[in-house]
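Here are my notes on the model, point by point. Please read them with the structure open.

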Amino acid sequence: MKALRWRFLALALALALAAGWAGARTLPDFAAVRAQYRSSETLVLSREGEVLERLRTDPTVRRGAWQPLDEVSAALRHALVVSEDKRFYEHSGVDWAAVSAAAWANLLNRRTRGASTITMQLAGLLDTELGRPEGGRSLLTKAQQALAARELEQHWRKDQILEAYLNLVPLRGELVGIDALSRTHFGKAPHGLDARESALVAALVRAPNASASAVARRACGVLRAMQPEADCVALGFFVSAALQRRAFKPAAGVAPHFARQWLASQPAPGERTPLNARLQRHAQQSLRRHLRELAGRNVQDGALVVLDNASGEVLAWVGSSGGLSEAPEVDGVLALRQPGSTLKPFLYAQAIAERRLTAASLIHDAPTQIPTAGGLYIPQNYDRQFKGWVTVRTALASSLNVPAVRTLVMVTPDAFFRQLRAFGLPLRESGGYYGYSLALGASEVALLHLTNAYRALANGGRYTPASLRLGQTQAAPVQAVPEGAAFIVGDMLSDVQARVPTFGLDSVQGTRFWSAVKTGTSKDMRDNWAVGWSERYTVGVWVGNASGAAMHDVSGVSGAAPIWADLMRWLHRHEASRAPQAPAGLVRQPVRFVAASAEAAREEWFIDGTQQAVFAIKSGAEGADLASVNTRFDANSSRAAAQPRARILEPADGTILALDPDIPPAHQRLWLQAAGGQALAWRIDGQRVGSGERLAWLPWPGRHKVELLGKGGEVLDSIALEVRGAVLRAPAPAQRIDAALTQGRSQP
């Protein structure tokens, strides 16, 4: 009895000290606790407010979303009260009956469950100084908790106390709160917990990191208090399996790649994204469905993005094919890839804006060789065929490569490089680095930037950045190309008939509403693209492999284009897409083509001052090189004349010839080929060797300068070449030997 007296004296002293603490500190109210709660997961919301993605952003702890009490199962609420605080709904913060029982048990050295109520435990969670110290709770701490619990009960309702406790209590390892535990170990929301699962949760409250067997024993006691006939053996197996389960993944949803970019932009808590939830889900499903249809063609990855033309807002962002990919974390929307023919619309827009070409201008689609510093560049068409003289409209819509390279020769790679930068394509190298292959997409671009550049064409050539934020004020637009040139390019890309030479009449690129689209395939079929726009939307699709491996027999019309068409149909399932109105400064008039071109007469759009009614090719121009047919517009005349220029076609500048050792040197010949008329003469190393557009020349070892002379002896063109092989005395200028010629080349 003496020991008991001292215990009560100590308790009285503790209560007096605790009263002093209580007078100096105040616990927050329920609303403040709820407002200050932060989940370790960030929810990415669509523009409609739907959850698109859940992404873990706090690596130190794992909290789920705050769970209102009515979203927690009744079984769990019952189990928690049975386990932790039987008289929770009866006491006002302190269970004095439990305190008395605990005191007598301590006096008699008996084990007891303790006297801490749920309210007292919550006070310890709200104020860390009231929590369990390293050496266990002192009598003073117990008294402080009791007074704090009384304060909570005076200002909080019972349901608020239980709700806050369930959301703040540490449960196992890094898991805090019922939402994180329920989703991790049971794979379900807290409202779905049954009696067995609730007993396990209650056991973890008492001993969060105990062994599975200890947790099972504690859970058995709780479950039998709820259901006296409970099978504890089966419960033991269940507890062991549940504690090993990890169903709560760090991220989940339909927009993982966008979510990372969104969070990097530091949005406000609860801010909505511009993504359309239904469109995002449809886009993800469409991409994966189509990639499955390409099974067996070595295609694993794809990406797509949808932009609103007016605002630039990102409406859909699918960065990968997910489970179909070996690298699902790679974001295909931002990865740099070769764009192939998708750069051609910007090239033709520039040539039209600079009045070098019109949509009706004729360009020769024929084999050609372009001398460069690295050797000969020989562009080929997608179908390995050549169409002869074609209009710019056909060349672009049918994606012919040789006309595009010829156009780049007119524009120059450096000027085209600057044009692409104006469209927001941040190419890493210079125009000279890429050379003439820039016309065919030798650079690397991101799908987001490329799609936004097409959006600039849809907006009359006006460029603004794409937006990841909903309702963000747009920057002042940059006029990348004149509005008239952008309109003409869009009109050509929407022309079904102009696609026929390459894609046929039933191409997947065609839609029942107005749209403009361009496909592209990079070297060795590593990347496949389809990018285009309607009245309201711009859609970009990439298909390929994140590893860079080549696809097998996948082209623009079989790879990315079907996905693009599916998205466009979905976007316009309830709304029309009308063709844009022609801007000021454009004229439309009938045109016809004479002899060289098989294209039918039609009406064509022109920038005012470049229009003409008849397009024809001068005699002898069929063999002309890149610069031999260049339309020149006179400001005082609406007619254009083809201006052929004399030039050496063969051999190319810098050619190295190897004489064949199996053929006598005197019997070998090199054919010199020129264009520009019959009144031409040839001079090699200062000596005239013949005349005409074609000449057989007897080569001898050494470095030589070959010049093409005009009628008056003026130098029209010149090249340098080198001959390697057997030593041979230089022939006299008049020497003529008729023999076969064997010519070999290698790059310098």
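1. Helix H8 is largely enclosed by the rest of this predicted structure, because eight of its nine residues are buried. The buried residues are Ile178, Asp179, Ala180, Leu181, Ser182, Thr184, His185 and Phe186. Just after H8, glycine 187 takes a positive phi of about 65°.

2. The aromatic pairs come next. The structure holds 16 of them. In one, phenylalanine 186 and phenylalanine 238 are stacked, because their ring centres are 6.3 Å apart and their planes lie at 0°. This pair links distant parts of the chain. Phenylalanine 186 belongs to helix H8 (residues 178–186) and phenylalanine 238 to helix H11 (residues 232–244), 52 residues apart. Both phenylalanine 186 and phenylalanine 238 are buried.

3. Elsewhere, lysine 158 lies over the face of phenylalanine 88, at 4.5 Å from the ring centre.

4. How are the rings of phenylalanine 346 and phenylalanine 423 arranged, as an aromatic pair? They are tilted, with 4.8 Å from centre to centre and 50° between the planes. Phenylalanine 346 lies in helix H14 (residues 344–353), while phenylalanine 423 lies in the loop between helix H17 (413–422) and helix H18 (431–434), so the pair ties together parts that are 77 residues apart in sequence. Phenylalanine 346 and phenylalanine 423 are both buried. Ring pairs also bring in Tyr454, Trp514 and Trp533, making a cluster with Phe346 and Phe423.

5. Phe346 turns up again in the largest nonpolar core, which has 74 residues. Along with Phe416, Leu438 and Ile488, Phe346 touches the most other members. Beyond residues up to four places away in sequence, isoleucine 488 touches Ile352, Ala359, Leu586, Trp605, Phe606 and Ile607. There is a second, separate core of 56 residues. Its members include Ile118, Leu122, Tyr165 and Cys232.

6. Cys232 leads on to the disulfide. A search of the whole structure finds one. Cysteine 220 and cysteine 232 form it, with their sulfur atoms 1.7 Å apart. The disulfide is right-handed, because the torsion about its S-S bond is about 70°. Cysteine 220 lies in helix H10 (residues 212–226) and cysteine 232 in helix H11, so the pair ties together parts that are twelve residues apart in sequence. Cysteine 220 and cysteine 232 are both buried.

7. Is threonine 464 buried or exposed? Threonine 464 counts as buried because its relative accessibility is 7%, against a cut-off of 20%. Threonine 464 lies in the loop between strand E15 (462–463) and strand E16 (478–479). Its side chain makes a polar contact of 2.8 Å with the side chain of arginine 455. Another polar contact of 2.8 Å joins the side chains of threonine 464 and glutamine 474. Leaving aside neighbours within four places in sequence, the residues in contact with threonine 464 are Asn452, Arg455, Gln474, Ala475, Ala476 and Pro477.

Conventions: Residues are numbered from 1 along each chain as its sequence is written. This is a predicted model: local features need pLDDT of at least 70, side-chain atom pairs count only at pLDDT 80 or more; totals for chains, interfaces and linings use all residues. Side-chain values use heavy atoms; hydrogens and water are left out. Helices (H or I, at least four residues) and strands (E, at least two) are DSSP runs, numbered from the N terminus. Buried means under 20% relative accessible area, exposed over 50%, partly exposed in between (1.4 Å probe, protein chains only). A polar contact is a pair of N or O atoms within 3.5 Å; within protein, one must be able to donate a hydrogen and the other to accept it, and residues adjacent in sequence count only if both atoms are side-chain atoms. Contact means heavy atoms within 4.5 Å. Rings of Phe, Tyr and Trp (its six-membered ring) pair if their centres lie within 6.5 Å; planes under 30 degrees apart count as stacked, over 60 as edge-to-face and the rest as tilted. A charge sits over a ring if NZ of Lys or CZ of Arg is within 6 Å of the ring centre and within 35 degrees of the ring normal. A nonpolar core is a set of buried Ala, Val, Leu, Ile, Met, Phe, Trp, Tyr and Cys residues joined through side-chain atoms within 4.5 Å. A disulfide is a pair of cysteine sulfur atoms within 2.5 Å.
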